[in-house]
Amino acid sequence: MPDEAAMLALGRHLADVARIGDVIALEGGLGAGKTTLARGILEGLGLEGEAPSPSFAIVQPYDVPEVKLPVAHVDLYRLDDAEEAEELALDEYLMDSLLIVEWPDRLGPDAWPHALRLHIDIEPDGARRLTVRVPDAWTERWSQI
């Protein structure tokens, strides 16, 4: 991923194959591009306005007709431990929404084993290196991206 435009484009491609009940987990350090990738997904789902980072709200929901399918964009950075997330009832969103989660590691390594996990590293030259863990439910769809 050489730049922001490439990250947005990847997000738009993910939107083409995302479904209700999916979790897209975005991992990486501060400034790696997690929110940019989430914005690309939301753009691909039809969001026309700016998608604010949910850093302070923690959960930013989007609904039809603003987007093609309901989405909960979640930023867990400010959580100190997994117990705090229980109040958010994030799994309830999976019944009727796509869940995009930044900082999923705040919930521990076993959270959402069915999630598509994208880990973004910043290279010394500023480019982004993407490592993807593709669960069975995403195997066929990932090949279309």
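**View 1. Helices α1 and α2 are oblique to each other, because angles under 35 degrees count as roughly parallel, over 145 as roughly antiparallel, 65 to 115 as roughly perpendicular and the rest as oblique.** The model is predicted: local features need pLDDT of at least 70, side-chain atom pairs count only at pLDDT 80 or more, and totals for chains, interfaces and linings use all residues. Residues are numbered from 1 along each chain as its sequence is written, and side-chain values use heavy atoms, without hydrogens and water. The two helices (DSSP runs of H or I, at least four residues; strands are runs of E, at least two) pack at an angle of about 45 degrees, with their axes 7 Å apart. Residues of α1 that meet α2 include M7, L8 and G11, and those on the α2 side include L37, G40 and I41; contact means heavy atoms within 4.5 Å.

**View 2. V71 and L98 touch the most other members of the largest nonpolar core, which has 26 residues.** Such a core is a set of buried (under 20% relative accessible area, 1.4 Å probe, protein chains only) Ala, Val, Leu, Ile, Met, Phe, Trp, Tyr and Cys residues joined through side-chain atoms within 4.5 Å. α1 gives the largest share, 5 residues. Leaving out residues up to four places away in sequence, V71 touches L42, L45, Q60, P61, Y62, S97, L98 and I100.

**View 3. Strands β5 (residues 116-122) and β6 (residues 128-133) run antiparallel, joined by 6 bridges.** Strands pair if DSSP finds at least two bridges between them. I122 stands opposite R128 in β6. The hairpin has 5 residues between the strands, and G126 there takes a positive phi near 95 degrees.

Key: Buried < 20%, exposed > 50% of the residue type's maximum accessible area, 1.4 Å probe, protein only. Axes fitted to C-alpha atoms, helices over the stretch in contact; angles between N-to-C directions.
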